[in-house]
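Me: I would like to learn how to read a few features from a model. Please take them one at a time.

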Amino acid sequence: MELMKRNIHMDCQKCKASTQITMEGDINISDSRPDAHKLIMDKGNLDIEEVKVSDDHVNVKGKLCFQVLYLTEEEKRDMAGMDGNIPFEEQIYMEGVRSGDDVLLEWDIEDLTVGLINSRKLSVQALVMLCATCEELCDEETAVDLSCDEPVEYRKKTLDIAAMVMRKKDIFRVKEEVEIPGSFPNIFSLIWWDISPVNVEFKMLADKIAVQGEIKAFFLYRGEGEEERICHYETTLPFSGSVDCMGAEEGMIPEIRYVAEVKEAQARPDFDGEERVITFELCLNLDICAYEEEQLSLLSDVYGVVKEISVSEREANFRKLFAKCSGKTKISEHFKVEEGAKIGKILHSSAKLQISDKEIVENGIEISGAIHLHVLYENMAEESYGMIKESIPFDYVLEADGISEHCVFTLSGDVEQMAVSVIDSDEIDVKCVLFFRTNIYRKWTEKIVEQVTATELDGEKMSALPGIAVYIP
């Protein structure tokens, strides 16, 4: 008597750990840059160079990369930009992880503060959250049929499950170029840029993954000419493409997380030899996981006809797709500029969505966090530039009927739309539309047949049985 078994791939979280680290350093402004009078804008990114796993520890090595935009000390308040980095190395204690395990590292810059020590030196402080997760592939060896020479009766049970079919990492690259409109002057030098992907979507196809979305790009540059006036240009670029992925099939459920990294933007000549084109490369570092929905017919019980059959069972973990949910919410707020400033025109605005907490509530997922805003404007009071840096807290319940504590989910969010308008010379109005989506899975345990043993019938036991036995399938 032989059990015919099949391996079902399931992912399970082996261990998880997080730590909060503080980075700080004093950075000198390079000799090629003018003296700084006032800081206007800053942004930061984490460049992870190495994740080394050993027993019960994960060693992370990388650097905090930052960019700063500032007003110069010249009589005519010009703008200049600079960048720098602070290297770091951190060890995360992670009980249960072993050398050779695959660890996913996620990070978030919770706070970045750049101050001006003097005209040639900056102080940079950052609060960074590192979260390491070790997930492993668990094979559930499930009995799906029985092969034997003896006459037996058996039952089967059909389950709807979502089985993991792949787990890998890859990089999706987008190379783009932006041509400055004819009404703008030629580019003398780039001062600042802000390039970010939005509304990124993934779809599983035959042996590849389709990727599409939009790139929001803002460029601040010094124009050619005697005045070398400061110019700005903003645009939105659609992009699409695919990543080769052997084994992928249409209809699979993608669970893909990405971290965007922008290679340095630079100006180049157009066909007429004039500096009017800006080129850049955007890299999406992908962590790819895909599930496939299927019906599994498993052996649930076996009964002997001419022999005694004993069945040993064990519990196995399964999951199935419960629901795909998405939702939007609107938030708005008013902000005032610093005392003495006067808004002439909004040059650029950006927003970062930070989710601080998410938990299952009755018929939904409660999401809380904040939108971190940066608004660059012309300051008419000083004929220079100013910055509004504020946060808007939010609390939203994404509806998911029937969700329970037995469910797990993956959540992604984005600032889908943002509008900034000037109410008065010292006040702005900000309206944002936040978009959230999630795949919800229900997890449960099921008893499965592990072993079947046949033995000769016990005469005494048989004599004690009734004269008639009825089997109802």
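The dialogue below covers cysteines, a sheet and one tyrosine.

Reply: This is a predicted model, in which local features need pLDDT of at least 70, side-chain atom pairs count only at pLDDT 80 or more, and totals for chains, interfaces and linings use all residues. Residues are numbered from 1 along each chain as its sequence is written, and side-chain values use heavy atoms, leaving out hydrogens and water.

Me: How many disulfides are there?

Reply: A disulfide is a covalent bond between the sulfur atoms of two cysteines. The criterion is a pair of cysteine sulfur atoms within 2.5 Å, and the count is zero. For Cys 283, the closest cysteine sulfur is in Cys 65, 14 Å away and too far for a bond.

Me: Is Cys 283 buried or exposed?

Reply: Buried means under 20% relative accessible area, exposed over 50%, and partly exposed in between (1.4 Å probe, protein chains only). Cys 283 is buried, at 3%.

Me: In what order do the strands of the open sheet run?

Reply: Strands of a sheet pair through backbone hydrogen bonds, either parallel or antiparallel. Here strands are DSSP runs (E, at least two residues), numbered from the N terminus, and two of them pair if DSSP finds at least two bridges between them. The open sheet has three strands in the order 15-16-17, paired antiparallel. Its edge strands are strand 15 (343-361) and strand 17 (384-399). Strand 16 (residues 364-379) joins strand 17 over 16 bridges, with Gly 369 opposite Phe 394.

Me: Which residues does Tyr 471 contact, beyond its neighbours within four places in sequence?

Reply: Contact means heavy atoms within 4.5 Å. Tyr 471 contacts Glu 153, Tyr 154, Arg 155 and Tyr 303, and is partly exposed at 39%.

Technical notes:
Helix = DSSP H or I, 4+ residues; strand = E, 2+ residues; numbered from the N terminus.
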